Amino acid sequence: MAFFRPRVSREAEVRFHADQEISRSYPELIEKAREAERTLRVLQAAEADEIELLAAGQALDRALTDALRAAEAGQRATFGVKAYDDRIARRKAKATPEGAMWTDEVERLRTLREHNRMWNIPGVPRPVPATA
């Protein structure tokens, strides 16, 4: 007796392969984020002006966002092609050691990005236009 096993959708396969390609760039993106953080820390230690700190904080934010996107793609690719269409398959994949590792990494990067947005990007006052 054969059971019918539905295939995954073509869209899920395309997204799976796209996520695999994106996740391959994760190591270099996380290294760029580390370098941006080092630059920010050096500027903070040197007590640089707010404009330089703002630029360094925004560069770190962009680097963390890129690394986060690659980590999320790696997480989805690790979960497998069935997880794109099936939430139960996604939940089961999160429970595997590799799935849990990627989930923890995504959460860590989100926390770092939020911390950076709250504390490392100074609020530079906007110039007030002079009225005549």
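Q: Are helices α2 and α3 roughly parallel or roughly antiparallel to each other?
A: In this predicted model, local features need pLDDT of at least 70 and side-chain atom pairs pLDDT 80 or more, while totals for chains, interfaces and linings use all residues. The axes (lines fitted to C-alpha atoms, for helices over the stretch in contact, with angles from 0 to 180 degrees between N-to-C directions) of α2 and α3 cross at roughly 160° and come within 8 Å. The cut-offs are under 35 degrees for roughly parallel, over 145 for roughly antiparallel, 65 to 115 for roughly perpendicular, and oblique for the rest. The two helices, α2 and α3, are therefore roughly antiparallel.

Q: Which residues of α3 meet α2?
A: Residues are numbered from 1 along each chain as its sequence is written, and side-chain values use heavy atoms, without hydrogens and water. On the α2 side, the contact (heavy atoms within 4.5 Å) involves Tyr26, Leu29, Ile30, Lys32, Ala33, Ala36, Glu37, Leu40, Leu43 and Gln44. Their partners in α3 are Glu52, Leu53, Ala56, Gly57, Ala59, Leu60, Ala63, Leu64, Asp66, Ala67, Ala70 and Ala71.

Q: How many residues in the contact of α2 with α3 are nonpolar?
A: Ala, Val, Leu, Ile, Met, Phe, Trp, Tyr, Cys and Pro count as nonpolar, Asp, Glu, Lys and Arg as charged, and the others, Gly among them, as polar. In the contact of α2 with α3, two residues are polar and four are charged. The number of nonpolar residues in this contact is 16.

Q: How far apart are the axes of α2 and α5?
A: Helix α2 covers residues 26–45 and helix α5 covers residues 97–120. They pack at an angle of about 30°, which makes α2 roughly parallel to α5. The axes of α2 and α5 are 13 Å apart.

Q: Which residues of α5 take part in the contact with α2?
A: From α2, the contact draws on Tyr26, Ile30, Leu40, Arg41 and Gln44. From α5, the residues are Trp102, Glu105, Arg108, Leu109, Asn116 and Asn120.

Q: How many charged residues does the contact of α2 with α5 have?
A: The contact of α2 with α5 includes five nonpolar residues and three polar ones. Its charged residues number three.

Q: At what angle do the axes of α3 and α5 cross?
A: Helix α3 spans residues 50–79, and its axis comes within 9 Å of that of α5. The orientation of α3 is roughly antiparallel to α5 because of the crossing angle. That angle is roughly 165°.

Q: How many nonpolar residues are in the contact of α3 with α5?
A: The contact of α3 with α5 has nine polar residues and six charged residues. The number of nonpolar residues in the contact of α3 with α5 is 11.

Terms used: Helices (H or I, at least four residues) and strands (E, at least two) are DSSP runs, numbered from the N terminus.
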